[in-house]
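Please look over the model shown here before reading on.

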Amino acid sequence: MFSQYFRFNRLDHQLSEHRARLHRMAVAWCGDSTLADDLVQDTLAKALEKQEQLKDEARLGAWLYKILHNCWMEHLRTQKPTLDIDEMELTCTDCPEKHFAADQLATQVRMAVESLPINQCQVMTLVDLEGCSYEQVAAILDIPVGTVMSRLSRAREAMKKRLQGIRQTDNVHYLRRVK
């Protein structure tokens, strides 16, 4: 009985000597001093509970790190991400909100196209909505191809600025929906 008492006191003293190193290791693993305190406390408690498993006292440090590792893994298992249905973003393909948003977007794009100068609006609608080639637009409007290109470039730049707040994607996709 006395030998067990002395062994417990000796182990208790040795554990207190290892506490700072265990804490330093725990902080390195988890990055949180408070959590590291908890991990070290669990480690020391388990070490005291299972002290009879320690056969070679020279391996006390390794044995404590192993217990700390097990405590850390146990903590990580309990912190597994769970699926909170309130935080899930539900996607719908055919819901009223999506139709409303699409209608609003189409209206905004239509208004932006209508606000373009007429010569830019003509070129843009012919090229981007109707899919006409530059040569076809030049023939339709009776202007040089270079003018078609410059008007289209200015129109697209103006549309980009006007629709910048709506989406960060290509305008062509949405212009086709206006039709």
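Thr 43 is found in helix H2, where helices are DSSP runs of H or I with at least four residues, strands are E runs of at least two, and both are numbered from the N terminus. Because its relative accessibility is 0%, Thr 43 counts as buried, a class that means under 20% relative accessible area, with exposed meaning over 50% and partly exposed in between (1.4 Å probe, protein chains only). This is a predicted model, in which local features need pLDDT of at least 70 and side-chain atom pairs count only at pLDDT 80 or more, while totals for chains, interfaces and linings use all residues. Residues are numbered from 1 along each chain as its sequence is written, and side-chain values use heavy atoms, with hydrogens and water left out.

**Thr 43 and the pairing of H2 with H3**

- Leaving aside residues up to four places away in sequence, Thr 43 touches Leu 22, Leu 64, Ile 67, Leu 68 and Cys 71, where contact means heavy atoms within 4.5 Å.
- Helix H2 (residues 33-49) packs against helix H3 (residues 60-78) at an angle of about 125°, with the axes 9 Å apart; axes are lines fitted to C-alpha atoms, for helices over the stretch in contact, and angles run from 0 to 180 degrees between N-to-C directions.
- H2 and H3 are therefore oblique to each other, since angles under 35 degrees count as roughly parallel, over 145 as roughly antiparallel, 65 to 115 as roughly perpendicular and the rest as oblique.
- On the H2 side the contact includes Leu 35, Leu 39, Val 40 and Thr 43, and among the residues they meet in H3 are Trp 63, Leu 64, Ile 67 and Cys 71.
- The residues of this H2 and H3 contact divide into 10 nonpolar, two polar and three charged, with Ala, Val, Leu, Ile, Met, Phe, Trp, Tyr, Cys and Pro taken as nonpolar, Asp, Glu, Lys and Arg as charged, and the others, Gly among them, as polar.

**H6 and its partners**

- Helix H5 (residues 118-129) and H6 pack at an angle of about 140°, their axes being 10 Å apart, and that makes H5 oblique to H6.
- Gln 122, Val 123, Leu 126 and Val 127 of H5 make this contact with Tyr 134, Val 137, Ile 140 and Leu 141 of H6, a set with seven nonpolar, one polar and no charged residues.
- The axes of helix H6 (residues 134-141) and helix H7 (residues 145-162) come within 9 Å and cross at roughly 105°, and H6 and H7 are therefore roughly perpendicular to each other.
- From H6, Tyr 134, Glu 135, Val 137 and Ala 138 take part, and from H7, Val 145, Val 148, Met 149, Leu 152 and Arg 156; these comprise seven nonpolar, no polar and two charged residues.

**Around the H6 to H7 loop**

- Asp 142 is found in the loop between H6 and H7, and it counts as exposed because its relative accessibility is 69%.
- The phi of Asp 142 is near 60°, a positive value in a residue other than glycine.
- Most residues other than glycine have a negative phi.
- Gly 146 lies in helix H7 and, at 46% relative accessibility, counts as partly exposed.
- The C-alpha atoms of Gly 146 and Glu 135 are separated by 9.6 Å, the two residues being 11 apart along the chain.

**The chain as a whole**

- The protein chain has eight helices and zero strands, and 31% of its 179 residues count as buried.
- Of the contacts between residues at least 6 apart in sequence, 62% join residues at least 24 apart.
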